[in-house]
Each structure stands twice: as C-alpha cells, then as structure tokens.
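Me: I would like to learn how to read a model like this one. Can we go through it feature by feature?

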Amino acid sequence: MTSASFGGEASAPLSVSQRAPLFDWLFVVAVIGMAMAYVRAIFFTPIEALQGAAQKIYYLHVPAALSAYISLGVVALTSIVYLWLGDERADRLAESAGEVGLLFLTAVLTTGPLWGKPIWGTWWTWDARLTLTLFLWFLTAGYLVLRGAVEDRAMRARYSAVLGILAALLIPFIHLSVYLFNTLHPMPIVLKPEKPSMPTEMLVTFLGFFAACTVLCIALIRARYRYGVERDALRELESAGGEGY
Amino acid sequence: MVLPPSGPPDTSAYYHVAYAWAAVLYAGYAILLWSRSRRVRERLRVTGGGQSDRDA
C-alpha cells in the first residue's frame, strides 16, 4: 500500500466521523451498565467471611484484566490483518485497542495491590503473574511510545504491528502462570475447566461486572478509533497545506 | 478454617479506595479522549477540514 492511499482513505470518512459524536449509544449503555454493576457489588452482594469487604475488589480487578486481554487480543489480530493486507483501518484499530488495553492494565495493576495489602500483607510481590502483568504493561506502554516516535506512517504501522503481536503472546503465559509457577496469586475461580467455585449471588455480580466492563472496553475502543480518524484527517490536511506553501 | 468470632475483618477502606480509583481512572480516560477529540475538531474547523461537514 502506498502512502497516497493512506491519505485518500483518511480523508474519506472525515465528514462522517465529524458528524458522529465521539461517544455513541454504546458508551451510554456501558456507563449505565457500570453504574448498575457498582450498585450491585456495593449494596447487594454479601461480604466474604474471611477477607471482608476487600474481596469485592475481585469484581473490579478480574473484569479489568479480562478487558485488557480482549483489547490486546484485538491489537494482535488487527496487527496480523495489517501485516497481511496493509489496511490502515486495521492499524488504527490496533492503536486504539492498545491505548484502551493500557488503561485496563493500569486498573489491574493498581486495584491488585489494594486487594493484596489487606489479604497478603504486602502491596506487591515479585510473583510470576504480577511480574508478567507488569511486563505486559511496559510492553503496551512501549508499543504506544513507539507509535509516537516513528514519523513514517507505513513504517510505524509495521514496527508496532510486530510489537503488538509479540506483546499479546504474553497473555496465555499470564493466565497459565498460576499453574506453571509456585505463586502467591490465587488460582482462577471462574475461568477454569471446572464449575466456578463461588456462590451464585457473587457469581452474578461478577458476570454483571464482566459484561459491563467488556461493553465499556468496546465503547472506548470505538471512541478512540473515531478520534484516530479525525486526527489522521487533520494530519493529512496539514501536510497537504504545508506542501502547498 | 476458623472464622474470627467478631466476623469478617474490616478491610473496607481498601475496597472503597479501589472502587473510587477505578471510577476516576475510567472517567478520566473518557474525559481525556473527549478533550483530545475536541482539540482536533477545532483545528479541523480552523484548517477548513470541517467545511465539507457544514456543506453536507
């Protein structure tokens, strides 16, 4: 794909995206869903007998981790599509999902210690799962920094696609780390081959949070993609203006 | 495992901070995105990129 076709594609959807609001109906659904999940977790879910109220951090922490996995999975898939077809929309979607993935990874790495301190007695431990998740955060941050550092659009897309695919390879290791290594982190309670080991009322809260968080993740990726279309159109206009002078 | 006679331990402070922090984080990102988009739309309007929109 040539750089000329990038410009042509970027300017075409501009008028549509400018008319479309950044946050659409899906974002409204996500906000309502998150509000309902918060209310259910805070007021209508029992307090766990051994850990106390801190166990409720689970409903935030695990869906944020799963949303990060989804986002970075989208980065990997769209990066493969970009390397295969050279479609700039795939690259823009990968960029959007990468940024949203970093947001959810930040949520995971900050809510985790808030749960760990009262239960484990420490904010942080260099346990396999925690350390691998921190590595994934750095890789994702590096992915976004790389995108900002390379000027040439096609090269930026290609380099970051390779990094995005490699970063996503960490996800199965993170999920399986509790089986592969001797770790302080608890085993999966819901995402395991057997039946979830959790009372039904807690499981319903978890599933509600997971659904709301997933919708929020998709809504944010969509909004970030729209922003990317506008930003690319602006760059195109500015570079065309610069060439004119 | 023996449950403490006084019931579950009071770990509510951590839970309150985690829920408040997550809400701030998600809302903060949405506001940041909206702000970035507003700046770009403004620049598009100034550079004439919004012309086709108004005409449409």
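**Reading the model**

Me: Among contacts in chain A between residues at least 6 apart in sequence, what share joins residues at least 24 apart?
Reply: Two residues are in contact if their C-beta atoms, placed from the backbone, lie within 7 Å. For chain A, 79% of the contacts between residues at least 6 apart join residues at least 24 apart.

Me: What are the ground rules here?
Reply: This is a predicted model, where local features need pLDDT of at least 70, side-chain atom pairs count only at pLDDT 80 or more, and totals for chains, interfaces and linings use all residues. Residues are numbered from 1 along each chain as its sequence is written, and chains are lettered from A and ligands numbered from 1 in the order in which they are written.

Me: What mean pLDDT does chain A have?
Reply: pLDDT is the predictor's confidence in each residue, from 0 to 100. Chain A has a mean of 88, with 90% of its residues at 70 or more. Residues 1–13 of chain A fall below 50, and beyond near neighbours in sequence this stretch has 13 contacts in the model. Where pLDDT is low, the predicted coordinates should not be read in detail.

Me: And what does chain B average?
Reply: Chain B averages 82, and 77% of the residues score at least 70. In chain B, residues 52–56 are below 50, with five contacts beyond near neighbours in sequence. For the complex, the predictor gives an ipTM of 0.88 and a pTM of 0.88.

Me: How many helices and strands does chain A have?
Reply: Helices (H or I, at least four residues) and strands (E, at least two) are DSSP runs, numbered from the N terminus. Chain A has nine helices and zero strands. Chain B has two helices and zero strands.

Me: How do I read burial?
Reply: Count the other C-beta atoms, placed from the backbone, within 10 Å of a residue's own: 20 or more is buried, 12 or fewer exposed, in between partly exposed. In chain A, 40% of the 245 residues are buried. In chain B, the share is 27% of 56 residues.

Me: Is A:Leu130 buried or exposed?
Reply: A:Leu130 is buried, because it has 21 C-beta neighbours inside 10 Å. A:Leu130 sits in helix H6 of chain A. Leaving aside neighbours within four places in sequence, A:Leu130 touches A:Gly112, A:Trp124, A:Thr125 and A:His185. Its C-alpha is 8.0 Å from that of A:Leu109, 21 residues away along the chain.

Me: Is A:Pro46 buried or exposed?
Reply: A:Pro46 has 12 other C-beta atoms within 10 Å, so A:Pro46 is exposed. The residue lies in the loop between helix H3 (25–43) and H4 of chain A. From A:Pro46 to A:Arg158, 112 residues apart in sequence, the C-alpha distance is 49 Å.

Me: What about B:Ala23?
Reply: B:Ala23 belongs to helix H1 of chain B. B:Ala23 has 14 C-beta neighbours inside 10 Å and therefore counts as partly exposed.

Me: At what angle do helix H4 and helix H7 of chain A pack?
Reply: Axes are lines fitted to C-alpha atoms, for helices over the stretch in contact, and angles run from 0 to 180 degrees between N-to-C directions. H4 (residues 57–85) and H7 (residues 153–168) of chain A pack at about 140°, axes 8 Å apart. The pair is therefore oblique; under 35 degrees counts as roughly parallel, over 145 as roughly antiparallel, 65 to 115 as roughly perpendicular and the rest as oblique.

Me: Which residues of H4(A) and H7(A) make the contact?
Reply: They include A:Leu72, A:Gly73 and A:Val75 of H4(A), and A:Ala157 and A:Ala161 of H7(A). The contact divides into 11 nonpolar, three polar and no charged residues. Here Ala, Val, Leu, Ile, Met, Phe, Trp, Tyr, Cys and Pro are nonpolar, Asp, Glu, Lys and Arg charged, and the others, Gly among them, polar.

Me: How many residues of chain B are in contact with chain A?
Reply: 31 residues of chain B contact 38 residues of chain A. H1(B) supplies the largest share of chain B's side, 20 residues. That side of chain B has 19 nonpolar, seven polar and five charged residues.
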